[in-house]
Every structure is written in C-alpha cells, then in structure tokens.
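Here's a quick look at the charged side-chain pairs in this model. Have the viewer open and follow along.

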Amino acid sequence: MQPMPGQVLIVLDPERQVLASGLVLPERRDRSGERSERGVVVAVGEPKLNGKGVAIPPEVQAGALVLTKSARGTEMTLPEYHNARLLLIAEEHILAVLSQ
C-alpha cells in the first residue's frame, strides 16, 4: 500500500497497560475525548507540493515511532500487515516523533 502525498501509514501499538495485579488501565483520552495512539510508521506518501509547486519532503520516515490521535485518521486492517491495526493519517496530524 502506498499512501497518497502527505499521508502516512502507521501500525498501531497493540499493547495495553496492565498492572501486575492483572487490572487493565483504561485508554488515555484528552479533554475532547480523543484517544492518543502510539505506532510505527510503515509507509510514507510522496512529498506534498506547496502552493508554488515546490515539493515539501516528509518529516517522518518508515520505522519512526510516533504519537498521534486516532480520531484524525482512518483505521483499517490489511492482510499484508498480518491484520494488525493500521492508521492512515495526514502527516500534519502526527503529534510527536518518539524515535527515528
């Protein structure tokens, strides 16, 4: 799968926080009710063009660990990614790069 220009495909982290007692902590949500998600970038679209037709290179690369809001993109599963949770999102909706 090749994302369109300015789009990023992320494999979402399946881990949930579980205490030693077995208690599963609820998802973290911000004040607007959106949940934050961590994941690894697996595909990046071609550079996006600005208003003057100049290519703006992506700021993230495949393999980067990122933090994003899942409500900003489209969640899906694909067989080529072993049916893992995927998120297709505009690059500008990535909140932070945790590691490259």
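A salt bridge here is a side-chain nitrogen of Lys or Arg within 4 Å of a carboxyl oxygen of Asp or Glu. This is a predicted model, so to speak of local features takes pLDDT of at least 70, side-chain atom pairs count only at pLDDT 80 or more, and totals for chains, interfaces and linings use all residues. Residues are numbered from 1 along each chain as its sequence is written, and side-chain values use heavy atoms, with hydrogens and water left out.

How many salt bridges does this rule give? The count is 3, listed here:

| Pair | N to O distance |
|---|---|
| Asp 13 and Arg 38 | 2.8 Å |
| Arg 85 and Glu 37 | 2.8 Å |
| Arg 85 and Glu 75 | 3.3 Å |

Strands are DSSP runs of E, at least two residues long, numbered from the N terminus. As for accessibility, buried means under 20% relative accessible area, exposed over 50%, and partly exposed in between (1.4 Å probe, protein chains only). Asp 13 is buried at 18%, while Arg 38 is partly exposed at 38%.

Now for Arg 85, which is partly exposed at 33%. With Glu 75 in strand S6 and Arg 85 in the loop between S6 and S7, that pair ties together parts 10 residues apart in sequence. Glu 75 is partly exposed at 37%, and Glu 37 is buried at 7%. Through shared partners, salt bridges join Glu 37, Glu 75 and Arg 85 into one network.

Note on methods: Helix = DSSP H or I, 4+ residues; strand = E, 2+ residues; numbered from the N terminus.
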